[in-house]
Amino acid sequence: FDEDHTLYAVSAWNDNGKAKHVHDPKVLYRTDFFPGLGWMTSRRVWEELSAKWTNGFWDDWMRQPGQRLGRTCIRPEVSRAYTIGDKGGASMGYFYNEHLKPIKLNKVPVRWADMDLTYLQPTAYDKQFRERLNDATVIHSTSELQHYMDADMDIKLQYSSKDDLVQLEKR
């Protein structure tokens, strides 16, 4: 946080961390999406946000552009935090069984202090991300996605309508 003022928060949670989607407990990602569970932020960001904190659905509030201000978060591939139930919490238990209960919890110890995390610096991360995106195999429909579900490769889905995107999000 002291060196990277583009950081909004660091989280122990991956909203897309269902077992079928995650594999490597040593991988971290930058994201524009505020994960919402098991997070920390800098004193500087906290002082900015706490002065205008909302009373309900604070996780959604944190995702709003007026709070995020273009800053990014760091989140793990495999979650280190877990929600314990379908009652209470910022979102009051909505969608627990479908979206939260299946999240995989990491069981592999990782000594982060021994790892080279320079790949998370904005310039290095953005360069690597663009390269992976440029090199990814292009698919054009959600039906093609089925052929790549178990493939160990990067793919990018190019869609042409909101309906196509909605179908993809249901998977």
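A salt bridge is counted here where a side-chain nitrogen of Lys or Arg lies within 4 Å of a carboxyl oxygen of Asp or Glu. The structure examined is a predicted model, and a search of the whole of it finds 7 such salt bridges. One of them joins Asp4 to Arg30, whose closest N and O atoms are 2.9 Å apart. Asp4 belongs to the segment before S1, whereas Arg30 is part of strand S2, so this pair ties together parts that are 26 residues apart in sequence. Buried means a relative accessible area under 20%. Asp4, at 13%, is therefore buried, and Arg30, at 11%, is buried as well.

The strands named above belong to an open sheet of 4 strands, arranged in the order S2-S4-S1-S3 with mixed pairing. Strand S2 (28-31) and S3 stand at the edges; each has a single partner strand, so one side of each is left without a neighbour in the sheet.

The pairings can be followed along this order. S2 is antiparallel to S4, the two being joined over 4 bridges, and Thr31 has Cys73 in S4 as its bridge partner. S4 (residues 72-76) then pairs with S1 in the parallel sense over 3 bridges. On this side, Cys73 in S4 stands opposite Ala9. S1 also pairs with S3 (residues 39-40), here in the antiparallel sense and over 2 bridges; in this pairing Val10 stands opposite Met40 in S3. Strand S1 (residues 7-11) is mostly covered, with 4 of its 5 residues buried.

Asp60 and Arg63 meet through their side chains at an N to O distance of 2.9 Å. Both residues lie in helix H2 (residues 58-63), where they are 3 residues apart, about one turn of the helix. Asp60 has a relative accessible area of 37% and is partly exposed; Arg63, with 21%, is likewise partly exposed.

A further salt bridge connects Arg111 with Asp114, with the closest N and O atoms 2.7 Å apart. Residues count as exposed at over 50% relative accessible area. Arg111 is accordingly exposed, at 60%, and Asp114 is exposed at 56%. Elsewhere, salt bridges that share partners join Asp59, Asp60 and Arg63 into one network.

Conventions
Residues numbered from 1 in each chain as written. Predicted model: local features only at pLDDT ≥ 70, side-chain atom pairs only at ≥ 80, totals over all residues. Heavy atoms only, no water. Buried < 20%, exposed > 50% of the residue type's maximum accessible area, 1.4 Å probe, protein only. Pairing = 2+ DSSP bridges.
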